[in-house]
Amino acid sequence: MTSDAATGTDDPYLWLEEVTADRSLDWVREHNAPTVERLTTSKRFAEIEEQTLEALDTDDRIPYVRRRGEFLYNFWRDAANPRGLWRRTTLESYVTDAPEWDVVIDVDQLAKDEDENWVWKGATALRPDYRRVLISLSRGGADAAVVREFDLDSRSWVTDGFTLPENKSTVSWIDEDNVYVGTDFGTAPDGHGSLTDSGYPRIAKLWTRGTPLEDAVTVFTGEPSDISIRAVYDDTPGFERHFISRATDFFNSLLYENRAGELILIDVPTDAYAGVRRNWLLVMTRSQWAPSGPDGPTYSPGTLLVFDYPAYLEGNRSAVVLFDPDAHTSLVDFTFTAHYLIITTLHDVHTSISVLTAGDWTPVDVNGLPDMATISVLDTDPDHSDEVFWSATSFTEPPSLLHGTIGSDDPVVLKRSPEFFDASSVTTEQYFATSDDGTLVPYFVVRRRDVTHGPTLLYGYGGFENALTPGYLTVAGRAWIERGGIYVIANIRGGGEYGPAWHTVAQKSGRHLVYQDFSSVARDLVTRRFTTPAQLGAQGGSNGGLLMGVMLTRYPELFGALVCQVPLIDMYRYHLLLAGASWVAEYGNPEDPEEWAFMKPFSPYQNIRRDVQYPPILVTTSTRDDRVHPGHARKLVARLEENGHTVDYYENIEGGHGGAADNKQAAFKSALAYEFLWETLADAAG
């Protein structure tokens, strides 16, 4: 392979980046056919697919809700409604065993009436009466969506409503006749397009009902190199304000308050999270910060601070520390109710909840939440009440939905998901592997008690500060654990399990730490005699798909099989494809020779060799994925085949970044992966 080909400037497979070109789709179908024929004919595949679809479609699962005024809203898919129903009920009805649901929008019927492959993408209602709603619908599951205005009183689309064509738009309410909008407006006055290099809006405009979109008034214009721009209106009663956020890269942003056209920069570190609630400015640091200068206190990464917002704008930097991290404990999330602040933390990847009174920040006891569970806040109504909907789950405990009012009623379980596998004989253990630099990396092992050695599936992600916390293994429990497989989740660096530093150390030139951590967990599993390299499989998608590509090309001797889903693979060209430019802060800029020097060793596409024995690999993607370009997966397969290697490949012609547009597609894709793993690893087990 020539040096030009190694960097992608003379890439013979660039044509596979033409997403819907006839020859590209012909290539896809030619590669899909043998994979489907080989992996879908067994009794085991049929059982896994049927069981997975049953779990996804069951009417017994929890209908999760969001309160909007007097109603609780839910989006629901099942076997009879594969595209889904947007529906609502009251709390009084919801707490019963058989709630009375009022269907607002039937997406299956809408798709049939309009002859479109609609996939539901969400709804944003105008407060406080929640009568007008902005509905987002995607064709085939792509990120790009059509936006339409809907009237809940008349149950009809608004004829003079706010409507946007398919795009990666942002739109948010100001009042019934005005919205902030970011979309593709065409060429901007500065001669650049109205989208950033990453394909997201770089211009925010105020759009008034009854006027053409082209007459919307510009309120802010970012740079083409920015990630995205967004204008929002905070309608908190008594604290109404307009804000503009400008993401300069994936992890750095600027926040302004817009006062009648005057932009006031909220001067916090660009890598920090900052948000205004009433007259409080909350800041979560991602790097060390001394807001008062060298003579004042310095706060470590992952600290949550609160300031008096009006005083802060005048220069006062006095802060109250709401959460102070340590080596084992990190902040996951914080959420307001009307009178309280809920703080969710992780201690060695185990959830803890604390509650503070808003304003004086004194602790409040909350009883009734389960121990040893992953707990999250599903919904609050911060302007009107202290009501909280909670979720609780673990690897072996199906999700439960709890409801209560802080300061009044302790949380009680309203709904429970059914059990989809027999967890009575399943155990969960946490271990720590030692990475190459001595860092202890936690991982969870979930298995039947009678299974101490055998086919093992290791899952990982390791990027963008996403923490992998324990959650019910609905599909893996049936398809893998109950059948005698050992399931492992690795909490490697790049994630957020131990706060921002667990992520930032693995950005750009530190990226190798992600791969060293994952490979160290793989070795530790063998050392602890859970498995052997021939019996060890690994799985990951998106950034985790890149992880699989690196395991293939850098650590092939550690694995007996790999499942690589919607992956990044060609890191020399990733920033030129779809949303790739937005991830330069995570991976690096391949056009910078110094950065490409540390990226190239871990770019799978540039490191495929003929003289290496790679483990069997299944590569999957979606044609309609408009976030991670399907060309990555296609080119990986083409390059492997060019070098004499056999690959299983499957590309869903629709489905978006999740890879599936409905439950049936999701069940098929999942069964395909588990059948591949069982066929490969069980054979190795003898």
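**Why is it called that?**

Modeller: Proline 128 turns up in the loop between strand 5 (118-125) and strand 6 (132-139). Helices (H or I, at least four residues) and strands (E, at least two) are DSSP runs, numbered from the N terminus. This is a predicted model, with residues numbered from 1 along each chain as its sequence is written. Local features need pLDDT of at least 70 and side-chain atom pairs pLDDT 80 or more, totals for chains, interfaces and linings use all residues, and side-chain values use heavy atoms, without hydrogens and water.

Biologist: What kind of peptide bond joins arginine 127 and proline 128, and what is omega there?

Modeller: A cis one, with omega at about 5°. Most peptide bonds are trans, and most residues other than glycine have a negative phi.

Biologist: Talking of phi, what is it for valine 349?

Modeller: Positive, about 70°, although valine 349 is not a glycine. Valine 349 belongs to the loop between strand 23 (340-347) and strand 24 (350-357).

Biologist: Why does valine 349 count as buried?

Modeller: Buried means under 20% relative accessible area, exposed over 50%, partly exposed in between (1.4 Å probe, protein chains only). Valine 349 comes in at 0%, so buried is the label.

Biologist: And why does glutamate 465 count as partly exposed?

Modeller: Its relative accessibility is 22%, so glutamate 465 gets the partly exposed label. Phi of glutamate 465 is also positive, near 65°, in a residue other than glycine. You'll see glutamate 465 in the loop between strand 32 and helix 7.

Biologist: On to rings. What makes two of them a pair?

Modeller: Rings of Phe, Tyr and Trp (its six-membered ring) pair if their centres lie within 6.5 Å; planes under 30 degrees apart are stacked, over 60 edge-to-face, the rest tilted. That rule gives 31 aromatic pairs.

Biologist: What makes phenylalanine 464 and tyrosine 587 an edge-to-face pair?

Modeller: Their rings are 5.8 Å centre to centre, with 85° between the planes. Phenylalanine 464 is in the loop between strand 32 (456-459) and helix 7 (474-481) and tyrosine 587 is in helix 11 (residues 584-587), so the pair ties together parts 123 residues apart in sequence. Both partners fall under the buried limit: phenylalanine 464 has 12% and tyrosine 587 has 3%. They also belong to one aromatic cluster, formed by Phe250, Phe251, Phe464, Tyr574 and Tyr587.

Biologist: At what angle do helix 3 (residues 43-57) and helix 7 pack?

Modeller: About 160°, with axes 10 Å apart. Axes are lines fitted to C-alpha atoms, for helices over the stretch in contact, and angles run from 0 to 180 degrees between N-to-C directions. Under 35 degrees is roughly parallel, over 145 roughly antiparallel, 65 to 115 roughly perpendicular and the rest oblique. Helix 3 and helix 7 are therefore roughly antiparallel.

Biologist: Why are helix 9 and helix 10 given another label?

Modeller: Helix 9 and helix 10 (residues 543-554) pack at about 70°, again with axes 10 Å apart. That angle makes helix 9 roughly perpendicular to helix 10. Val514, Tyr515, Phe518 and Ser519 in helix 9 are in contact (heavy atoms within 4.5 Å) with Leu546, Leu547, Met548, Val550 and Met551 in helix 10.

Biologist: And what about helix 2 and helix 13?

Modeller: The axes of helix 2 (residues 22-39) and helix 13 (residues 631-642) come within 12 Å and cross at roughly 65°. Helix 2 and helix 13 are therefore roughly perpendicular too. Threonine 35, which is in helix 2, is buried, with a relative accessible area of 2%. Not counting residues up to four places away in sequence, threonine 35 touches Leu618, Asp648, Tyr649, Tyr650 and Leu672.
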